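Take a look at the chain below.

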Amino acid sequence: MRLSKYYAPTLKEDPADAEVVSHKLLMRAGMIRKLTSGIYNYLPLGLRSINKVAQIVREEMDRSGAMEVLMPMVQPADLWRETGRWDYYGKELLRINDRHGRDYCLGPTHEEVITDLVRGEIKSYKQLPINLYQIQTKFRDEIRPRFGLMRGREFIMKDAYSFDKDEEGAEQSYWTMFEAYKKAFARIGLRFKPVQADSGAIGGDFSHEFMVLAETGEDTIASCKACEFAANLEKAKVAQPKGLCNCDDDSVPALEEVETPGKHTVEEVCDFLSIPASRLIKTLLFVVDGNPVAALVRGDRELNDVKLRNLVGGNDIEMADEALVKKLTNAPVGFAGPAGLNPEVPIYADQELCVETDWVAGANKGDTHVRHLSLGRDCTIEKFADLRVIEPTDPCPECAGEIEFTKGIEVGHVFKLGVKYSEKMEATFLDENGKAKPMIMGCYGIGVSRIVASAIEQNHDENGCCFPPSIAPFEVCVISLGGKDQAVTDKAEELYSEIKDLGVDICYDDRKERPGVKFAEADLIGYPMQLVLGGKGLKNGIIEAKNRKTGEKIELPLEGFKEAFQEWRTAVWGDWGL
């Protein structure tokens, strides 16, 4: 491809609305252009990278035994009503009507559609297992789309769905996909880590996220230095605290009210009463699926609302607003406590609160707290459970080793769904005994367009992108500095053709631009290998070869160039572990 004929409109300055590195560089390198909030045009350079990611993913899916299909993006509401997700999915689901007034949505995911497809075709255990996948555009109406391709409303995704006759088969399908993901991300050239994750709106009781490790990542990963434990903060278990349950200790003095005028926050109350935050209980009020619940954690801890939602068995969770807090506690925000709380509100306590007693908490009364609170004596606890966010000082929940926190970007998620969808949609088969049973499902997603952005977040410098050669828009760029020197131009053309004949993905910068412009744009776009030919090099029988990842420059001989280039190319791929 000759760049003089190529549409690649680069920018010199960062766009005003671009916040993260990948968004800035994708715009500046001429790979995407914004249409509207969270929706982008993919320009030729950007689409080339996206298609390369898609092809690697496709090859690994095919190799695993999955088969490619293509399902409609527009989905009828009736399918979503069968599973109950039409109402539950919330405002991220973009609902539309056709000319007849029938309800539809733009697909954010395809569990209902694939289940409907399979239930109409699969009738016997002899037809199972089966795994179907697609690479397709999705739409999720994010409340605050941002960061370019990292969190847009419209995006390209690979989603696969497995159907098995029993748990053993479902387990095998899950781990087959898990391994296929590892191979795909390794081939792309990403540094990644699979972590335990919450299943969220998709459902199921078991899932892993695949995280690209990058300091700019939105997600925090807790992992053990001694074993293979790794989980995102939503999912990361906290080890059971040492010690026996002490919440019924009879030696605790009687409950005592103490005035705390204007002291709403943990810090204010602890300073006023001269106690550490670890001796205070925070009482947090939530609404889960429309019902109020209370959660208790130590004053120096952070509640994990995902753990609370899962414990209660709900779908939707949000903090109670000020009006509801006042209704339930008869006090302003900041004075809620478990003793004397509205009896219709179930109370769940973090497991850490079971091994200690004699607490300070809100009194459900304005400007007042209580001392000497005993959870066993003074209130009714529905259940003690792991409800807090893990911290770096916590031991590993699996081996008691040291925990470390790193940042990551989610690029893939695998779910063990079970029968959540097949039971509701009556996707059944006849087993060996002629008995109807629901198919056991799994689903597996990869953010294809997001991977391109994640690769940039992980691999860039002050000059631009540093693409892995497997997904770069072009693997090699030949840069001619010939100007009016026809001999240089002719040789550059010859080298371009010679490399192209090797099957290498190459572009040729034959534009009538200054050398500085060509060098800057080659670095900005992030071609992994750059070959620069000028008059002096031609005269000396050499061409300069630059490794974009390392910045190393070497000279390759024009005599016997093909062999020297192949050797250098192999070394550059090796620098990426490819």
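## The whole chain

The chain holds 16 helices and 31 strands. Keep in mind that this is a predicted model. Along the principal axes, the C-alpha atoms fill a box of roughly 95 × 65 × 50 Å.

How many of the residues count as buried? Of the 578 residues in the chain, 52% do. Now consider contacts between residues at least 6 apart in sequence. Among these, 70% join residues at least 24 apart.

## Three domains

The chain is divided into three parts. Domain 1 covers 17-237 + 404-456, so its bounds are given as two segments. Domain 2 covers 256-385. Domain 3 covers 474-575.

Domain 1 and domain 3 are in contact, with 7 residues from domain 1 and 5 residues from domain 3 taking part. The centres of these two domains, taken over C-alpha atoms, are 39 Å apart.

The size of an interface is often given as the accessible area lost when the parts come together. Between domain 1 and domain 3, the buried area is about 580 Å². Carbon and sulfur atoms give 62% of that area.

Charged side chains meet here too. There are 2 salt bridges between domain 1 and domain 3. Elsewhere in the listing of pairs, arginine 48 and aspartate 505 join their side chains in a salt bridge, at 2.5 Å from N to O. The rule also finds 2 residue pairs in polar contact across the interface of domain 1 and domain 3, both at pLDDT 80 or more.

Which helices supply the domain 1 side? Helix 1 (21-28) and helix 2 (44-64) each give at least two residues to the side that touches domain 3. The largest share, 3 residues, comes from helix 2. By type, the residues on this side of domain 1 divide into 4 nonpolar, no polar and 3 charged.

## A closer look at helix 14

Helix 14 spans residues 515-525. Which of its residues are buried? They are Val517, Lys518, Glu521, Ala522, Asp523, Leu524 and Ile525. An α-helix has 3.6 residues a turn, so residues three or four places apart point the same way. With that in mind, find Val517 and Glu521, both on the buried list. Then find Lys518 and Ala522, also on the list.

What follows helix 14? Glycine 526 does, and its phi is positive, near 90°.

Methods. Residues are numbered from 1 along each chain as its sequence is written. Side-chain values use heavy atoms; hydrogens and water are left out. Contact means heavy atoms within 4.5 Å. Buried area is the accessible area (1.4 Å probe) that two parts lose on being put together, summed over both. A salt bridge is a side-chain nitrogen of Lys or Arg within 4 Å of a carboxyl oxygen of Asp or Glu. A polar contact is a pair of N or O atoms within 3.5 Å; within protein, one must be able to donate a hydrogen and the other to accept it, and residues adjacent in sequence count only if both atoms are side-chain atoms. Helices (H or I, at least four residues) and strands (E, at least two) are DSSP runs, numbered from the N terminus. Ala, Val, Leu, Ile, Met, Phe, Trp, Tyr, Cys and Pro count as nonpolar, Asp, Glu, Lys and Arg as charged, and the others, Gly among them, as polar. Buried means under 20% relative accessible area, exposed over 50%, partly exposed in between (1.4 Å probe, protein chains only).
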